[in-house]
Amino acid sequence: MTAATALDLAGATLREVNSTLQAADGGSFRVVNPQGAHALACGLDAPVSVHVDGPVGYYCAGMNQHATVHVDGNAGTGLAENVMSGTVTVTGNAGQSAGATGHGGLVVVHGNASARCGISMKGVDIVVGGDVGHMSAFMAQAGNLVVLGDAGADLGDSIYEARLFVRGSVASLGADCVEKEVRPEHLEFLAARLADAGLDADPADFRRYGSARRLYNFHPDDVDAEVAR
Amino acid sequence: MTGDWNLRWSHTFSPDVLAEIRRAANTGVYSIRGFGAKRAVPNFDDLVFLGASMSRYPLEGYREACGTDVVLGARHASEPVHLDIPITIAGMSFGSLSANAKEALGRGASAAGTSTTTGDGGMTDEERGHSTKLVVQYLPSRYGMNPDDLRRADAIEVVVGQGAKPGGGGMLMGQKISERVAAMRTLPEGIDQRSACRHPDWTGPDDMEIKIQELREITGWRVPIYVKVGAARPYYDTALAVKAGADVVVVDGMQGGTAATQDVFIEHVGIPTLAAVPEAVRALKELDMHRTVQLVVAGGIRTGADVAKALALGADAVSIGTAALVAIGDNDPDLDDEYRALGSAAGAWDQYQAGNDPAGITTQDPELASRLDPVLAGRRLANYLKVLTLEAQTLARACGKSHVHNLEPQDMAALTVEAAAMAGVPLAGTSWVPGRDA
């Protein structure tokens with residue numbers, strides 16, 4: 001097995017580290033001394049493996065394509081925002097808007113994720129080992145949010161076609177978000193994604209939430225037409 | 001209405017106000033339309049150029065050079081945008097516009113040596129292919145957003161607000177959410193799309209600074225980052241955009257158009273373009289960033305005079321949207337019968353959201369869209385841009401300027417007290433600028 005290439009943010013600039021990662025078409029890298037750097041390992045576009053030793057700031061692994069990014073620590077706002085593919089894992093907690101607008105791939109947070117987790121998600125799968133904050137999955141369009149802990153207030157407000165699975169309690173559901181039946185295909189999906197995420201839970205313990213589809217269109221009254229009838 | 005003098009009509013409850021009350025009572029839904037603000041507001045017509053005189057020496061029209069080129073985004077980007085003319089095409093989405101219309105805008109802009117801009121819905125291959133310089137918008141919805149399109153764009157415009165609706169999100173009615181549009185936006189086909197008004201992963205200018213850093217890292221610090229704001233608090237918004245690291249600030253006044261927004265938003269939120277420009281320039285000058293961070297002004301730009309006046313107030317370039325659509329055939333009098341069949345008239349039609357545009361511009365109906373010849377429409381836009389440029393040059397030469405950017409507020413006077421106060425130029429025939437010490 002080839003040893004990972006070490007990149008030290010104590011000595012190199014963010015641009016130098018990101019340039020190296022973005023230029024690679026494969027291989028493994030180990031980033032040390034991240035010191036909460038913002039926009040670390042963003043814009044990757046190849047099947048590289050990046051292990052970050054320590055906490056990262058905003059937008060780590062933003063717009064990731066194909067790469068596997070593993071953060072040993074906590075992550076700030078916008079973890080893996082607009083992720084397209086690949087896998088992004090954080091062993092600690094994630095700040096607001098984790099996985100925001102993500103189109104594909106898998107985002108795993110072993111700890112808690114703050115508010116707006118999965119906001120406007122467009123196909124990404126997000127698995128959170130702990131709790132998610134308020135307004136998570138706001139305007140979520142597609143993909144799956146799996147929460148092993150509890151969900152904060154207004155889960156799935158104005159949701160479109162995304163699926164939300166929560167094992168714990170839900171403080172409240174947002175506008176047009178309703179509980180839905182858990183069918184066998186959902187249990188199968190949960191088992192597979194939990195395994196991918198390396199998190200242990202019984203799929204049967206989850207409840208599913210999704211769109212009632214009542215906000216999809218304006219519903220004008222038409223008093224004049226009724227009078228005419 | 002005015003023929004019968006026995007009838008006393010209310011100014012407060014005018015016929016159009018009464019009609020809207022009845023429409024609201026009948027439907028329970030607010031009025032949605034396209035176009036921009038239709039009410040009269042102080043605008044560039046309220047300013048005039050003074051031309052040459054004993055103290056100013058004019059340049060010879062047609063013989064002496066008057067430059068029009070502009071470079072946008074050299075503050076941080078390694079590949080700033082070089083334009084031949086200081087007039088760009090504003091962001092308008094595929095979805096709100098047909099693919100043919102987007103192609104026509106790209107063709108016309110490219111022929112004129114300027115840029116065009118995507119919109120809330122992502123970049124199409126047709127648009128990229130026909131646009132020599134293409135700015136990709138980065139909007140709250142992030143519809144169709146992906147790193148490949150960011151990298152193939154010539155600039156990124158982070159949209160914080162829009163002149164027609166500062167503080168409001170986008171709308172696209174179900175008639176225009178076709179299979180292709182729905183797929184690009186990851187939405188169910190046929191829904192009435194109401195997109196977010198706030199970005200999903202930042203709050204405020206400190207966060208935006210980090211977001212801009214991320215966009216630069218993803219694109220290798222190659223392309224400029226614009227920040228677009230609706231004209232509401234232009235002094236503060238411009239200063240904060242500069243602080244956040246913007247290369248270019250785009251200020252869009254309340255006359256700016258839209259594809260679909262609540263009428264109450266279009267007419268009652270934001271300030272006129274004329275009032276916004278001097279405030280944005282003041283912020284840039286106080287930060288010693290004027291001409292380092294470029295200012296692009298949009299919202300109701302129609303003529304070369306508007307262009308020249310915006311530049312004279314300190315803008316580096318302008319952006320046009322509604323005027324570009326008119327140039328390619330929107331509201332064409334030749335289609336008056338068809339507009340009237342839709343309950344409107346050529347020149348008044350503003351139902352861009354309805355998707356039944358006889359001109360084939362604001363529609364996703366394949367049959368209607370096919371009516372617009374993108375090659376011919378592109379030529380019309382190129383011609384129009386050429387005229388705007390020639391007009392601006394004519395005015396600049398008359399003021400003795402060898403480049404349109406050499407125009408200055410001292411070349412102008414105001415025709416109204418309001419315009420004098422907003423633009424910060426003297427009321428014509430006086431040396432009085434309201435609000436300033438004599």
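# Legends to close-up views of the predicted model

**View 1. The loop around B:Arg142 in chain B.** B:Arg142 is located in the loop that joins strand E7 (133-138) to helix H4 (147-152) of chain B, and the structure shown here and in the views below is a predicted model. The phi angle of B:Arg142 is near 55°, which is a positive value in a residue other than glycine. B:Arg142 has 27 C-beta neighbours inside 10 Å and therefore counts as buried, since the cut-off for a buried residue is 20 or more.

**View 2. The loop around A:Asn33 in chain A.** A:Asn33 sits in the loop between strand E2 (28-32) and strand E3 (49-53) of chain A. Here, too, the backbone has a positive phi in a residue other than glycine, with a value near 55° for A:Asn33. Is this residue, A:Asn33, buried or partly exposed? It has 14 C-beta neighbours inside 10 Å and so counts as partly exposed, because that class lies between 12 or fewer neighbours, for exposed residues, and 20 or more, for buried ones.

**View 3. Packing of helices H7 and H9 in chain B.** Helix H7 (residues 234-243) and helix H9 (residues 273-286) of chain B pack with their axes 7 Å apart and at an angle of about 40°, which makes H7(B) oblique to H9(B). The crossing of these two helices, H7(B) and H9(B), is right-handed. On the H7(B) side the contact is made by B:Pro234, B:Tyr235, B:Thr238, B:Ala239 and B:Val242, while H9(B) contributes B:Ala276, B:Glu279, B:Ala280, B:Arg282, B:Ala283 and B:Leu284.

**View 4. The side of chain B that touches chain A.** The contact between the chains takes 38 residues from chain A and 24 residues from chain B. On the side of chain B that touches chain A, the elements giving two or more residues are helix H1 (15-27) and helix H6 (204-218) of chain B, and H6(B) gives the most, with six residues. The residues on this side of chain B comprise ten nonpolar, eight polar and six charged.

View 5. Chain A has three helices and eleven strands, which follow one another along the sequence in the pattern β-α-β-β-β-β-β-β-β-β-β-α-β-α. The radius of gyration of chain A is 19 Å, close to the 17 Å that the globule rule gives for 229 residues, so chain A is as compact as a globular protein of that length. Of the 229 residues of chain A, 52% count as buried.

Methods
Residues are numbered from 1 along each chain as its sequence is written. Chains are lettered from A and ligands numbered from 1 in the order in which they are written. This is a predicted model: local features need pLDDT of at least 70, side-chain atom pairs count only at pLDDT 80 or more; totals for chains, interfaces and linings use all residues. Two residues are in contact if their C-beta atoms, placed from the backbone, lie within 7 Å. Helices (H or I, at least four residues) and strands (E, at least two) are DSSP runs, numbered from the N terminus. Ala, Val, Leu, Ile, Met, Phe, Trp, Tyr, Cys and Pro count as nonpolar, Asp, Glu, Lys and Arg as charged, and the others, Gly among them, as polar. The radius of gyration is taken over C-alpha atoms; the globule rule is 2.2 Å times the number of residues to the power 0.38. Axes are lines fitted to C-alpha atoms, for helices over the stretch in contact, and angles run from 0 to 180 degrees between N-to-C directions. Angles under 35 degrees count as roughly parallel, over 145 as roughly antiparallel, 65 to 115 as roughly perpendicular and the rest as oblique. A crossing is left-handed if the near helix is turned anticlockwise from the far one by less than a right angle, and right-handed if clockwise.
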